[in-house]
Amino acid sequence: MLRRIFAAFAVVLLAMALLPFITEIHPFQELSPVARHYAEKGPDELGGANLVTSVIVTYRGLDTLGEVTVLFIATAGVGFLLRRDERDEEESAAAAGTDESGSAGNSPRPASELLMSGSMLLFPLLMLFGVYIFLHGHLTPGGGFQGGVVIASAMLLVMLSRVSLHLNHTVLGLVESLSGFSYVVIGVVGLVLAGGFLDNRILPLGELGNLLSAGAIPVIYSLVGLKVGTELTNILETMKSEEEL
Amino acid sequence: MSVYIIAVFGVLMVFAAVYAIYSRNILSAIIASGVISLLASIIYILLAAPDVAMTEAAIGSGLTTVVFLLALKRINRLRGTEEEDVDA
């Protein structure tokens with residue numbers, strides 16, 4: 001009972017503390033100087049039709065690198081916590097061996113016909129859509145993160161429909177590290193050749209609205225897309241293969 | 001007009017959140033938390049933020065739900081084997 005009173009008291013106190021944020025703060029009537037600079041000069045400076053992408057990839061490129069790092073640490077954590085001990089693997093292999101001689105009841109149940117046919121139809125479309133999203137990040141809404149997640153969900157569909165399929169962790173890791181490495185290299189090249197870290201003006205800006213425009217933004221976002229896609233696929237694959245043990 | 005739609009979705013989000021906390025069934029709680037993200041992404045579209053809406057829909061209601069479901073399946077399996085061991 002006392003705990004409940006304390007909890008209610010804490011909630012009321014918190015509400016009183018946060019009330020000024022609703023009543024006292026008025027919405028901005030005009031853009032702040034930084035925002036106005038981005039909105040007015042952004043398309044001319046960076047050549048990106050989608051201003052959000054220009055801000056995320058170039059103006060705030062370092063923050064995006066931080067986000068990618070956070071995702072990498074999360075993936076590494078999942079891989080570390082759910083790693084398979086060699087001993088466990090041997091035991092399970094031995095168990096599987098004895099099971100095969102006795103009964104094949106341990107093998108996973110195959111996915112339904114509906115799921116398999118549907119995933120075969122949808123997988124290429126989803127992959128194409130994911131690549132489209134990150135290649136057109138500078139023109140339309142979306143970008144590396146969104147495209148990467150769509151690619152990961154396409155891979156998830158395949159994992160669900162082909163139960164015994166195992167993805168090659170070496171290839172996934174290689175693609176992920178290479179794209180992450182190239183991302184940082186492009187950033188450093190921008191530092192040397194253009195105005196700063198992750199400056200996109202190391203490549204010609206091109207014409208506003210074309211696919212090959214906005215300098216290095218499509219390249220950077222493709223790398224981010226590949227990295228995010230392989231990382232999330234890696235998480236899903238780790239959790240799934242762990243579950244089958 | 002869109003203010004009212006946003007208000008309705010916001011109230012629905014609160015209901016889904018409360019349901020996710022108090023639901024006895026973990027599966028329903030996971031689905032409810034996915035619904036929260038889906039409603040949030042609709043609100044983002046109404047507020048003219050398609051980039052954020054795409055991220056929220058793909059990660060919040062798609063991938064996170066799947067990861068939770070995989071984890072739930074794994075926990076259920078672990079529990080099942082433990083109970084079997086106790087019985088044996």
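**Notebook: a predicted two-chain model**

I began with burial in chain A, where 31% of the 245 residues are buried. I note at the outset that the model is predicted.

**Entry 1. Chain A, overall**

I counted the secondary structure elements of chain A and found nine helices and zero strands. Read from the N terminus, the order is therefore α-α-α-α-α-α-α-α-α.

**Entry 2. Confidence in chain A**

I checked pLDDT next. Chain A has a mean of 79, and 88% of its residues reach 70 or more. Which elements mark the two ends of the range in mean pLDDT? Helix α1 (residues 2-23) of chain A has the highest mean, 89, and helix α5 (residues 86-102) of chain A has the lowest, 51. I also recorded that pLDDT stays under 50 over residues 98-105 of chain A. For that stretch, the model has one contact beyond four places in sequence.

I asked how many of the nine residues of helix α3 (residues 51-59) of chain A are buried. The count is seven, and I describe the helix as mostly covered. The buried residues in α3(A) are T53(A), S54(A), V55(A), I56(A), V57(A), T58(A) and Y59(A).

I then examined how α3(A) packs against helix α2 (residues 33-46) of chain A. Their axes come within 10 Å and cross at roughly 75 degrees. An angle of 65 to 115 degrees counts as roughly perpendicular, so I class α2(A) and α3(A) as roughly perpendicular to each other. On the α2(A) side, I listed Y38(A), A39(A), G42(A), P43(A) and L46(A). These meet L51(A), S54(A), V55(A), T58(A) and Y59(A) in α3(A). By class, this contact has seven nonpolar, three polar and no charged residues. Among the α3(A) residues of the contact, I noted S54(A), V55(A), T58(A) and Y59(A), which are also on my list of buried residues.

**Entry 3. Where chain A touches chain B**

I looked up the contact between the chains: 16 residues of chain A are in contact with 14 residues of chain B. On the side of chain A, the elements that give two or more residues are α7 (144-161) and α9 (217-244) of chain A. Which of the elements gives the most? It is α7(A), with seven residues. By class, I recorded 10 nonpolar, three polar and three charged residues on this side of chain A.

**Entry 4. Chain B, overall**

Chain B has three helices and zero strands, in the pattern α-α-α along the sequence. I compared its radius of gyration, 17 Å, with the 12 Å that the globule rule gives for 88 residues. The value is well over the rule, so chain B is more spread out than a compact globule. Along its principal axes, the C-alpha trace of chain B spans about 65 × 25 × 10 Å. Buried residues make up 19% of the 88 residues in chain B. Of the contacts in chain B between residues at least 6 apart in sequence, 43% join residues at least 24 apart.

**Entry 5. A48 of chain B**

Most residues other than glycine have a negative phi. For A48(B), however, I found a positive phi, near 65 degrees. A48(B) is in the loop between α2 (26-46) and α3 (50-87) of chain B. Is A48(B) buried or exposed? With 9 C-beta neighbours inside 10 Å, A48(B) counts as exposed, because the cut-off for exposed is 12 or fewer.

Conventions:
Residues are numbered from 1 along each chain as its sequence is written. Chains are lettered from A and ligands numbered from 1 in the order in which they are written. This is a predicted model: local features need pLDDT of at least 70, side-chain atom pairs count only at pLDDT 80 or more; totals for chains, interfaces and linings use all residues. Helices (H or I, at least four residues) and strands (E, at least two) are DSSP runs, numbered from the N terminus. A residue is buried if 20 or more other C-beta atoms lie within 10 Å of its own, exposed if 12 or fewer, and partly exposed in between; C-beta atoms are placed from the backbone. pLDDT is the predictor's confidence in each residue, from 0 to 100. Two residues are in contact if their C-beta atoms, placed from the backbone, lie within 7 Å. Ala, Val, Leu, Ile, Met, Phe, Trp, Tyr, Cys and Pro count as nonpolar, Asp, Glu, Lys and Arg as charged, and the others, Gly among them, as polar. The radius of gyration is taken over C-alpha atoms; the globule rule is 2.2 Å times the number of residues to the power 0.38. Axes are lines fitted to C-alpha atoms, for helices over the stretch in contact, and angles run from 0 to 180 degrees between N-to-C directions. Angles under 35 degrees count as roughly parallel, over 145 as roughly antiparallel, 65 to 115 as roughly perpendicular and the rest as oblique.
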